[in-house]
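Visitor: I'm new to reading protein structures. Could you walk me through one, feature by feature?

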Amino acid sequence: MESTPKSLRLHLMAAGRINAGKSTLFNLISGQDAAITSPERGTTTDVVEKTMELRPLGPVVLLDTAGTDDDSALGNQRGERTDRALDRADAVLLVVNADEWGEPEETLLCRAKARKIPVIPVINRRGAPATEAFRTSLRTATGIPALEVCAADIAERSAFLDRLAGILPTVLPEELAAPPMLRDLIGPGALVVLMTPVDLQAPRGRLILPQVQAIRDALDGDAVAITAKENAFPRIYGELSRRPDLVVCDSQAVGVMTATTPDGVPQTTFSILMARMKGDLDTLAAGCATIPFLRPGDRVLIAESCTHHAGDDDIGRVKIPRLLEKTVGGKLAVSVSSGFDWPRDLEQYRLIVHCGGCMLNRRAMLNRLRTAKARGVAVTNYGMCISYCTGVLETVLSPFPGALREYRAALDKKGSGV
């Protein structure tokens with residue numbers, strides 16, 4: 001459980017007004033004094049994270065946040081941090097005191113609804129239980145029955161966790177049923193060939209996360225996974241005694257894969273597989289249709305989900321801009337965002353090229369796609385962008401006929417000037 005990446009965990013966010021008991025509930029759920037609690041106003045000033053196991057759902061990330069009604073000198077900055085945390089929350093635990101509901105709760109509820117995030121009301125009982133009328137009003141506002149607990153009483157922890165774990169599957173069916181990385185594309189006994197370059201961006205002594213996840217998902221699907229570096233791939237492929245059911249490569253080696261693999265064998269990239277698992281592949285494929293219509297001077301955002309020490313030939317900061325400018329025939333105005341940073345003024349960009357999102361949870365990626373779509377900005381993916389510029393996009397989208405149709409439809413629409 002401890003080795004499960006945060007990006008593959010459900011994110012549960014405790015939110016509410018100042019001194020509602022968010023941090024106390026956070027500590028109750030985690031079973032530890034992970035967050036500072038105090039009667040002093042505005043004790044929580046930044047987002048606090050804690051990973052844990054919530055039976056029977058599995059690994060989760062708990063997020064504790066500052067009060068939504070913080071009117072201190074730093075209140076706006078704390079509010080922005082809370083809003084960023086909301087972008088990656090799968091569910092919000094809205095902590096309220098008995099019979100206390102007002103503008104702070106309504107504001108948070110509206111922000112969550114705009115992101116299509118379920119809000120579970122949690123009444124923090126500090127004295128007399130809440131009235132039935134108040135519990136009914138919470139259910140009417142959120143659509144979810146309220147949970148009630150004395151967050152300061154550790155004796156109530158087990159019963160509360162049972163109730164919380166029981167309600168989450170009913171409000172998070174999509175998140176709990178996110179698509180796997182690749183095993184639904186193959187069957188038991190299938191042969192998967194994975195081309196995994198080991199470049200300067202890979203952590204020392206390890207593969208990068210998408211490569212590890214692809215190997216594990218193939219094994220979970222009772223498939224056979226053969227792994228080779230790009231320089232050995234042609235030889236290994238030629239020695240196979242049977243036709244592979246799927247070939248996957250790092251986006252930077254897509255030319256080697258498509259040149260070596262015969263037509264008719266499903267081929268794709270780790271980046272595209274990751275994007276499908278984390279986001280909306282159809283939207284990203286349609287966004288790729290913007291590339292042939294880019295012009296020199298257009299603004300392009302390279303969106304990285306991680307923060308790393310970029311090398312001289314970094315894929316996002318160097319290779320993709322170089323490929324795009326070669327394709328466009330001139331210089332582009334390229335910007336970069338990293339980690340949880342996500343520009344609020346997306347309208348300035350003609351295209352966003354997003355990484356596979358291995359460090360983001362699915363909710364965060366879907367929210368990014370939603371906000372870009374609302375601003376009228378096309379979004380595509382590293383793997384698709386490189387494959388388009390290399391001339392093999394339709395080949396690597398062949399395992400996903402729906403996404404391929406969306407790309408072709410978007411291309412026709414833009415070409416007709418609609």
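Guide: Let's begin with a pair of helices. Helix α11 (residues 281-288) packs against helix α14 (residues 382-390) at an angle of about 35 degrees, and their axes are 10 Å apart. Before we go on, this is a predicted model, where local features need pLDDT of at least 70, side-chain atom pairs count only at pLDDT 80 or more, and totals for chains, interfaces and linings use all residues. Residues are numbered from 1 along each chain as its sequence is written, and side-chain values use heavy atoms, with hydrogens and water left out.

Visitor: What counts as a helix or a strand, and how do I read that angle?

Guide: Helices (H or I, at least four residues) and strands (E, at least two) are DSSP runs, numbered from the N terminus. Two packed helices are described by the angle between their axes and the distance between the axes. Axes are lines fitted to C-alpha atoms, for helices over the stretch in contact, and angles run from 0 to 180 degrees between N-to-C directions.

Visitor: Which residues of α11 and α14 meet?

Guide: Contact means heavy atoms within 4.5 Å. From α11 come L281, L284, A285 and C288, and they meet M384, C385 and Y388 in α14.

Visitor: Is α14 enclosed or open, and how would I tell?

Guide: Look at accessible area: buried means under 20% relative accessible area, exposed over 50%, and partly exposed in between (1.4 Å probe, protein chains only). Seven of the nine residues of α14 are buried, so α14 is largely enclosed by the rest of the structure. Those buried residues are Y382, G383, M384, C385, I386, S387 and C389.

Visitor: What do I find at the ends of α12?

Guide: At the start of α12 (residues 315-328), a side-chain oxygen of D314 reaches to within 3.1 Å of the backbone nitrogen of G316. Just after α12, G329 has a positive phi of about 90 degrees. The buried residues of α12 are I315, G316, I320, P321, L324, E325 and V328, and their cover includes β11 (299-303), β12 (333-337), β13 (351-354) and α14.

Visitor: Which residues other than glycine have a positive phi here?

Guide: Most residues other than glycine have a negative phi. Among those with a positive value are N19, near 65 degrees, and K116, near 60 degrees. N19 sits in the loop between β1 and α1 and is partly exposed, at 32% relative accessibility. K116 belongs to the loop between α3 and β5 and counts as exposed, at 68%.

Visitor: In what order do the strands of the open sheet run?

Guide: Two strands pair if DSSP finds at least two bridges between them. The six strands go β2-β3-β1-β4-β5-β6, with mixed pairing. At the edges are β2 (48-54) and β6 (147-149), each pairing on one side only. From one strand to the next, the twist averages 25 degrees. Take β5 (residues 119-124) and β6: they pair in the parallel sense over three bridges, and V122 stands opposite L147 in β6.

Visitor: Which strands does α3 touch?

Guide: Helix α3 (residues 103-114) packs on the sheet, touching β1, β4 and β5, and its direction makes about 170 degrees with that of β4.

Visitor: Is M274 buried or exposed, and what does M274 touch?

Guide: M274, in helix α10 (residues 270-278), is buried, with a relative accessible area of 0%. Not counting residues up to four places away in sequence, M274 touches M181, P210, Q213, G356, G357 and C358. The C-alpha atoms of M274 and G357 are 6.9 Å apart, though 83 residues separate the two along the chain.

Visitor: And how many helices and strands does the protein have?

Guide: There are 16 helices and 14 strands, and buried residues make up 52% of the 418 residues.

Definitions and conventions
A polar contact is a pair of N or O atoms within 3.5 Å; within protein, one must be able to donate a hydrogen and the other to accept it, and residues adjacent in sequence count only if both atoms are side-chain atoms.
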